[in-house]
Amino acid sequence: MRIVSGIQPTGNLHLGNYLGAIRNWVRMQDEMPADGECLFFLADLHAITVHNDPATLAANIREMAATIIACGIDPARAILFRQRHVPAHAELSWLLNGTARIGWLNRMTQFKEKSGKNREGASVGLFAYPVLQAADVLLYQATHVPVGDDQKQHLELARDIATKFNADTGTDLFTLPDPIIPPAAARIMSLRDGTAKMSKSDPSDASRIALTDDADTIAAKIRKAKSDADALPATAAELADRPEARNLVGIYAALAGITPDQVLATHAGQGFGSFKPALADLAVETLSPIRDRLLTFRADPAELDRLLADGAARARTLAAPTLAAAYSALGL
């Protein structure tokens, strides 16, 4: 079993990011059988399909790497690397551009959403990046790829490209990867608006808990989080029309690894004057070790770079046979 997954380097992360993709990565690493492999990469080549300030992107790449390791990815157990440090990603992507079809890419809903009404002004990279995504996984003969609802179509495209390449060249070069549907990640909403997702783009810093927040800041943000005047009910279903209350209970459940109903079994009848301190204590207990590790890596960028370089060397070794075979299959 070989799992391959990438994440775009977006800089400082918050509680919602941790409880989503990154914690699923840690779970996959921890549950991987001894004869399996996890490859996790920072998708820095994907990041440039839209405009970025170069200095900001460079800082975000290092910050994302430090955060991923701080959250529990062990570079000794998983292969963690930067996409651009394995040139085979870009090389194979170009080879697969000869196999992928414009009609297939035209059906990609994410391009339509991201380009909006300005499709003619979007970059070629934004249009073609699903081919690079296909290369990302086919390069390593991935058997499985974790996908959410927004990525299922891209994995289907990768399988279509692999099938056509194999048929066109009369080979069985590429493994057709199967999807892994991770456990549903908690949908973490803004602390100021229970109907909006927690986001680093929100102008209010009080709307989110950053992974770099200290204990006092976390406690203060939770204390000031929007709630309501009613007591907590006995079941999660009774929170359907109480978005802020539902969000705070959901955050507690996600941090504790239990269901909202289990949270309410303990806290039903309490007001938020009692519940918020309990939530703050749990958040501090969970996030403080992550913050400490993150600050350690921030203070030692050379060690961080060494770990990424080691991961890239391991990834290049795994990628080389497939890339060579793809060139050979095409007569190059």
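**Close-up views of a predicted model**

**View 1. Helix α1 has a kink of about 40°, centred on Ile 22.** The bend at a residue is the angle between axes fitted to the seven residues ending there and the seven starting there. Helices (H or I, at least four residues) and strands (E, at least two) are DSSP runs, numbered from the N terminus. This is a predicted model, where local features need pLDDT of at least 70, side-chain atom pairs count only at pLDDT 80 or more, and totals for chains, interfaces and linings use all residues. Residues are numbered from 1 along each chain as its sequence is written, and side-chain values use heavy atoms, without hydrogens or water. Helix α1 covers residues 15–31, 17 residues in total. At 1.5 Å a residue (times one less than the number of residues), α1 should span 24 Å; its end C-alpha atoms are 23 Å apart, which agrees.

**View 2. Several elements cover the buried residues of α1.** Buried means under 20% relative accessible area (1.4 Å probe, protein chains only). Among the buried residues of α1 are Leu 15, Tyr 18, Leu 19, Ile 22, Trp 25, Val 26 and Met 28. The cover includes strands β1 (2–7), β2 (37–42) and β4 (144–146). It also includes helices α3 (54–70), α10 (243–256) and α12 (272–298). Contact means heavy atoms within 4.5 Å.

**View 3. α12 also covers buried residues of α9.** Helix α9 spans residues 215–224. Its buried residues are Ile 218, Ala 220, Lys 221 and Ile 222.

**View 4. The structure holds one cavity of 30 Å³ or more.** A cavity is a set of points on a 1 Å grid over the protein atoms alone, where a 1.4 Å probe fits but cannot get out; lining residues have an atom within 4 Å of a point. The volume of the largest cavity is about 30 Å³, taken as the space filled by probe spheres set on the points, which are joined across faces, edges and corners. Asn 12, Leu 13, Glu 63, Thr 67, Leu 211, Thr 212 and Leu 294 form the lining.

**View 5. The second largest pocket holds about 210 Å³ of space.** Of its 13 lining residues, Leu 45, Ser 93, Gly 125, Tyr 129 and Leu 132 are the closest to its centre. A pocket is an open set with protein on both sides within 12 Å along at least five of seven lines. Helix α7 gives the largest share of the lining, six residues.

**View 6. Gln 141 has a positive phi, near 50°, in a residue other than glycine.** Gln 141 sits in the loop between α7 (124–138) and β4.

Technical notes. Buried < 20%, exposed > 50% of the residue type's maximum accessible area, 1.4 Å probe, protein only.
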